[in-house]
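Visitor: I would like to learn how to read strand pairing and pockets. Can we take them one at a time?
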Amino acid sequence: MKFISYNNISFKKTKYYQQLPLEEKNVFDILSSVFHFKVNNYVLEHLINWQDVPNDPIYKLIFPRKDMLLPTDFHALSLLYQSGLDQKTLMPFIEKVKKKMYPEVKHSETSIPKINGKRVRGLYSNFETIVSLFPDPMVKTCHSYCSYCFRWIMFNNKEAQQNSSYSDPNEPIAFLKAHPKVTDVLFTGADPLVLKAETLQKYIDPVLEIDSIKVIRISSKSLAWWPYRFTTDKDADNLLELFKYIQSKGKHLNFCAHFTHPRELENDVVKEAIQRIRQTGTIIRCQGPIVEGINDTPEAWSTMWNAQIALGMIPYYMFIEADHNLESCFRIPLAKALEIFQTAQKQTTGLARTVRGPVFMNDLHRTLLDGVTTIGDQKFFVLKSLQAPPNTIGEGTIKLIPYHETTKDAGDLMALFSNKNEAVLNA
Ligand code: SF4
């Protein structure tokens, strides 16, 4: 299959746009002018069930939804669109609305690596043993965009890309050599596997020469969005050779595969892609967020985890949608997420039960929502810090926060897991 990508303008020329209900067309026109939108022919032809639009989970995973905007902004934009103004005239208002929706991405001072007091651009180090690397070409795009993505401000934004990434492949080397406690590097993006194998190798090669680096992690949704990347793409074989080469250098290669719905694992091409990756010796660990209207049932997760095990992958994390936008329409209540996780786990093979969740996908902490406990006549959520920045109490600490059936927010995890704070029993 030849890769064909559609943006908010070219998609409107497809038969798929033509068959959308009128209400969905309006939502698409307005929302896709504010938010990111990109879809490819594989997703359109093989993943979305068009008979079930707008309720289809994969449709919801790609297409922006009305609730992503404040009702007042949606209404104002609708009126402007109805007035027939052209895109150029509308642009200043769209930009204003867009800026309001920028997700807040927090970083602690310790997460910005420095050499001689100077920031090393494109590196983030939230925990002592791992550094996330953002080479310039990797932050630009993905094979399709997920509606819930919080990295969308990077897409089509040269300034944001330049400020948070590096271009010289040797840029991270001095920092990594000076910090031998760092054993893992994570290549992330957008999606690193959009790049040609040759370009990827240019950025990975210098890191392979550092003895203290033992694990190379690559985070990608390409198995779900474009499995042909590993089968029939021109340099699919070169990419798989690169995977072997990384391991030949004595490194563990971990493919962090992002899956959101069991349908992403169903067809033959994704199964073949998984098999080809596994034949290189690469371990595939699977993770994804729990998202309202897409996978917020125990069946979605147990089916997905069982399929992952059957295909030889390891279910790794169920994340709670990032806290970059607490009002996000993609979040579900914490109590519901916990119940879905616990019920789904009971429906899985024992091998899938090592999966962790629900875990807050927070830039400063990895925190597990471990259960609910009752003290006296009060109920509490039990939170456990899985990983924490060096200046906090650290891993393994357990805290309690008041239980509310509808809350979607655990509060400020940084403050909760700081040295000074005790469990918030009476809050
Ligand atoms: S694949 Fe990842 S980076 Fe790309 S749009 Fe989806 S969540 Fe965002």
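Visitor: Which residue in S14 stands opposite glycine 371?

Guide: First, a caution: this is a predicted model, where local features need pLDDT of at least 70, side-chain atom pairs count only at pLDDT 80 or more, and totals for chains, interfaces and linings use all residues. Residues are numbered from 1 along each chain as its sequence is written, and side-chain values use heavy atoms, with hydrogens and water left out. Strands are DSSP runs of E with at least two residues, helices are runs of H or I with at least four, and both are numbered from the N terminus. Two strands pair if DSSP finds at least two bridges between them. Here, valine 382 in S14 stands opposite glycine 371.

Visitor: How many bridges join S13 to S14?

Guide: Nine, and the strands, S13 (residues 366-375) and S14 (residues 378-387), run antiparallel. Their hairpin has two residues between the strands, and glycine 376 takes a positive phi near 65° there.

Visitor: Which residue in S13 does valine 359 stand opposite?

Guide: Leucine 368. Strand S12 (residues 356-361) pairs with S13 in the antiparallel sense, over three bridges.

Visitor: Now pockets. Which residues lie nearest the centre of the second largest pocket?

Guide: A pocket is an open set of points on a 1 Å grid over the protein atoms alone, where a 1.4 Å probe fits, with protein on both sides within 12 Å along at least five of seven lines; lining residues have an atom within 4 Å of a point. In this case, Asn8, Ser32, Phe35, Lys98 and Asn156 lie nearest the centre, among 29 lining residues.

Visitor: Why does this pocket lie between domain 1 and domain 2?

Guide: Domain 1 (5-100) and domain 2 (109-362) both give residues to its lining, so the second largest pocket lies between them. The domain bounds come from an automatic or database domain assignment.
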